[in-house]
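Keep the structure in view as you read.

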Amino acid sequence: MEIELTDSIEVSQTYSKSFLLGLYERMVTCRQFEDRVKLLFLEGTMPGTIHQSQGQEASAVGVCAALNQDDFITSTHRPHAHAIAKGLTTEEMMLELFGKSAGCSKGKGGSMHIGDMSKGMVPAIAIVGGGMPLAAGMALSFKLRQRSQVVACFFGEGATNEGAFHEAVNLAAIWSLPVIFVCENNLYGASTAYSKTTRVPRLSQRAEAYGIRGETVDGNNVVKVYEATRQAAEECRRGEGPVLLELLTYRRVGHSRRDPAHYQDKDEQAFWFGRDPIDLLANGLVSSGDVSEAELRDIDARVAQTIEDAVTVAREAPLPTEADLTTDVFAMELNR
Amino acid sequence: MKHQSIVEALREGIAEEMERDPDVFCIGEDIGVPGGFGGAFTVTLDLEKRFPDRILDTPISELGFIGAAVGAAMMGMRPIADVQYSDFLFLAMDQIANNAAKLRYMSGGTIKVPLVLRAPVGATGRGSQHAQNMERFFIGVPGLKIVAPSNAYDAKGLLKAAVRDDDPVLIFEHKLLYGSKGARAESGTTNASSDVPDEDYVVPLGTASVRREGSDVTVLAWLLMLHESLAAASLVEPGISAEVIDVRSLAPFDWQTIGASIEKTGRVIIVEEGPKTGGVGAELAAGIMERFPDKLIAPVTRVASADIPVPFSPVLENLYRPDRQRIAAAIRDITS
Ligand SMILES: Cc1ncc(C[n+]2csc(CCOP(=O)(O)OP(=O)(O)O)c2C)c(N)n1
Ligand SMILES: [Mg+2]
């Protein structure tokens, strides 16, 4: 199954300029957010750890662009791009990363559990594979209540070796549930290469074992991702789900924190770094003649300002207090 | 004699056991990838160079590889399995609690399961799913031995004892005590390094250790809380003389050492990182009251976390986790 990984995107007349610029802006927002967070993290402002998604913007943005507002996503330990793509504001996210009480989860969740149910994003599940059965259950509720919503369930290729993957996909399959299982195959699970953990060359091949449709797509081509997801969502809404989408992509940064990613192959890096998802779209837009470089730079600058404002708000916002410690949970013993 | 951190002592202990016995092997995620991490906290760093066939990197499949370790152990091998964060033990709970712990008994004593399972615990700014103190979930499983070293000497000696033992042994290690370096270094760590002899030694399973002698009150703690308890004992000087015991073995408890101390002091405080309800402290307290009712001159006291998930925001996390001030307050309370 050869997948064509082109080094340019043909931008067709099918899509309006504003739609395509919207995709561009969201991808740039993901990239700039992550780059800014990385700096904040390195300067010691942010606690814990972070898993970043530079290089994987097209999968997040392409998938979510094909969903409706009332559709849901589930996410992983690497959730920032998914969140931005589903409509969380960089401010509510930055507040959460700073552990502030105005964050999207009141500072209780943090980077690995970013989410906002009002925007259709379940708090990210940081246990690899842990979000997949949830997605099946959410879709089951849509089916039982005869709603037309779908769930897009994000996970990495590494997660497909957990039992949760098998059990969730199989359940969704036997009940024809409206789940798009979105596998972002960035070729590594932490430091471990895909080829060391999996014998099938394409993860979409696994779909056949569950009797569902699977498809592998160039995950750095945001338009292709959008089209594949839209088709999958239509199938799901018609009761022909679930669908397994494998999006081929690459992480431009370490797995977490200060990981220098020395385990990534140099030639492989060169190949993928030359296919940056944002550059691919930007070049396609400019060469189509409809969009000027200057327009793109304006967007970049606007996004940078929004993120800087979010950082300022997040730095200055109040921290949670002791009273917040024991709210939002049933607990037997509160006096420690 | 050399001075080592816990990671260094564990790494050396593992290497020495692998050298000594060809049946010893390591199995886990990202433990031996060239250019990688050597496990989440560098314990097995570079060991793949010395033992290319016995450091097995696995897919992300805790149920699978821990179950496989149990199977290999049944056949007489001595696997050292590793989860990156102890929270992931839940995924392998079936293999640990239903198989590893029970096979010796169910087979009428014909099967041995000489498995070692290493698992890092502790809240470190990573949010609710990478933070739990999992000791509580295992002390009630008959068939398992459990240790929790608080310094490098013990870490190496207990590891060696665990490898040589014929029953499954869980080793809980604390992220803030490892002394990991480089990209995997933690912030806010406590120094747990110690002198480690050059010659072979073991620390017997099932033993506690008096870390500081005193006469007014016995403080029982392990892992990070042991260090906080020692600091608290200094804070209440000179007015109060606190004896601090490193419980170190959570299954079985060393009632002899604990009892001898209570005989002297008549007062007990149990300090635990993790929710109070259903914790290890509950079992210790009940055991003390059953065994030494006449020696107690005050009710047993617990210092633990509230019954809540571990919060992300550092301010909340610090309120969640007991610290030296709270322990000192409890010491003053019980002796007043
Ligand atoms: C059950 C479980 N095991 C291990 C981990 C540690 N861990 C976090 S991310 C990760 C790699 C995940 O790889 P993949 O699913 O491909 O996602 P990616 O990081 O590439 O986005 C691992 C091993 C975890 N969080 N949960
Ligand atoms: Mg991956």
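**Where chain A meets chain B**

There is one salt bridge between chain A and chain B. A salt bridge is a side-chain nitrogen of Lys or Arg within 4 Å of a carboxyl oxygen of Asp or Glu. The model is predicted, so local features need pLDDT of at least 70, side-chain atom pairs count only at pLDDT 80 or more, and totals for chains, interfaces and linings use all residues. Residues are numbered from 1 along each chain as its sequence is written, chains are lettered from A and ligands numbered from 1 in the order in which they are written, and side-chain values use heavy atoms, leaving out hydrogens and water.

**The interface**

- The salt bridge joins the side chains of R257(A) and E186(B), at 3.4 Å from N to O.
- In chain A, 48 residues are in contact with 42 residues of chain B; contact means heavy atoms within 4.5 Å.
- About 3,500 Å² is buried between chain A and chain B, and carbon and sulfur atoms give 62% of that area. Buried area is the accessible area (1.4 Å probe) that two parts lose on being put together, summed over both.

**The largest pocket**

- Its volume is about 500 Å³, the space filled by probe spheres set on grid points joined across faces, edges and corners.
- A pocket is an open set of points on a 1 Å grid over the protein atoms alone, where a 1.4 Å probe fits, with protein on both sides within 12 Å along at least five of seven lines.
- The pocket is lined by 26 residues, each with an atom within 4 Å of a point.
- Closest to the pocket centre are T124(B), L176(B), S187(B), G188(B) and E317(B).
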